[in-house]
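Please keep the sequence and the coordinates open while reading.

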Amino acid sequence: MAFVNIYKLSDYIKEKTDALLARYGHVNALAEILAPTIGTYDVQSSTDAAITVPLNKKAGIIQNVNMAFGTTIKLQNSYVNENSIVFYHIVPTNTTELTQIKSDLGMVRDISNTNDLNFMILPQAGQRVTGDIHFWIFN
Amino acid sequence: MAFIDIFNYKKYFKKSSDATVARVGHVNKLAEKVTPVEYITQLTSNTTPVEINAPVGQITMFGALAIGSDSFRVDNDRVKTDSVVIASIEYSNLADRLDSVLAAPVNVVDGSFDIAWSTAGVTTGALKINFIVL
């Protein structure tokens, strides 16, 4: 039978456990990148030319957009910074819409505020676009 | 005085720790799929190849686009023939919605893909291409 200083053993276990927990902190950070909490904001088919969407999530859906050329949807999001890599696309309302859409969705930074993005319509044929905007912010 | 069988305890603790380390090893491999993020600015012209060896990145193109269409190569050692490359375009100015600018990844092969672009008008500034390789 070996003797052991139970207090030193306790310190040893604590040190190892803390190291593991620190590693799991990285795991949580990774999970936040790959599986972020998704937020939604419904603009309720508004046809306003300038719509502001406050939505502080790394990934999200701006629901029920109804955009024409000239419309801007400003996403206010504290995760956005000047180095953010942003992925986005529009999911049309239905398959019929797909045959009607001849315009595309674009995105530009707001030069006055690094937390803001503007979504806009690029006019190939000036068609109105309805659906949901999906976005994912990668920092 | 508390009694403890130190030999068995150490064995148990080592086994438990090894299992955890193995799991963290998997996580490290997972992390390599999406990190690090890298940035690069295209030099010389809007058709000059760029090299950015990362799964996620941002390419700032050389400058404003003239009317027309062309492409440039992105050398990236993370890209395989069967990779999925997703790209989103960041425009430099709201005025660029007038220009009908389009860009998309094409020609995905081992070690590279191309970004093809076209525009019906002169853009206000350089595009930024955000991409992820899966």
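What follows describes chain B, a sheet of chain A and the interface, in that order.

The model is predicted, and local features are reported here for residues with a pLDDT of at least 70.

**Chain B as a whole**

Chain B contains one helix and eight strands, and along the sequence these elements follow the pattern α-β-β-β-β-β-β-β-β. The C-alpha trace of chain B spans about 85 × 30 × 20 Å along its principal axes, and its radius of gyration is 23 Å, whereas a compact globule of 134 residues would have one near 14 Å. Of these 134 residues, 27% count as buried. Among the contacts in chain B that link residues at least 6 apart in sequence, 61% join residues at least 24 apart.

**A sheet in chain A**

Within chain A, four strands form an open sheet with mixed pairing, in the order β1-β3-β8-β5. The edges of this sheet are β1 (38–42) and β5 (85–92) of chain A, each of which pairs on one side only. Neighbouring strands of the sheet are turned against each other by 20° on average, with direction ignored. Strand β3 of chain A (residues 59–67) pairs with strand β8 of chain A (residues 129–138) in the antiparallel sense over seven bridges, and in this part of the model A:I61 has A:H134 in β8(A) as its bridge partner.

**Where the chains meet**

How many residues of chain B are in contact with chain A? There are 29 of them, and they touch 28 residues of chain A. The elements of chain B that contribute two or more residues to this side are α1 (6–34), β3 (56–60), β5 (85–91) and β8 (128–133), and the largest share, nine residues, comes from α1(B). By class, the side of chain B that touches chain A is made up of 18 nonpolar, eight polar and three charged residues.

| Strand pair | Sense | Bridges |
|---|---|---|
| β3(A) and β8(A) | antiparallel | seven bridges |

How values were computed. Residues are numbered from 1 along each chain as its sequence is written. Chains are lettered from A and ligands numbered from 1 in the order in which they are written. This is a predicted model: local features need pLDDT of at least 70, side-chain atom pairs count only at pLDDT 80 or more; totals for chains, interfaces and linings use all residues. Two residues are in contact if their C-beta atoms, placed from the backbone, lie within 7 Å. Ala, Val, Leu, Ile, Met, Phe, Trp, Tyr, Cys and Pro count as nonpolar, Asp, Glu, Lys and Arg as charged, and the others, Gly among them, as polar. The radius of gyration is taken over C-alpha atoms; the globule rule is 2.2 Å times the number of residues to the power 0.38. A residue is buried if 20 or more other C-beta atoms lie within 10 Å of its own, exposed if 12 or fewer, and partly exposed in between; C-beta atoms are placed from the backbone. Two strands pair if DSSP finds at least two bridges between them. Axes are lines fitted to C-alpha atoms, for helices over the stretch in contact, and angles run from 0 to 180 degrees between N-to-C directions.
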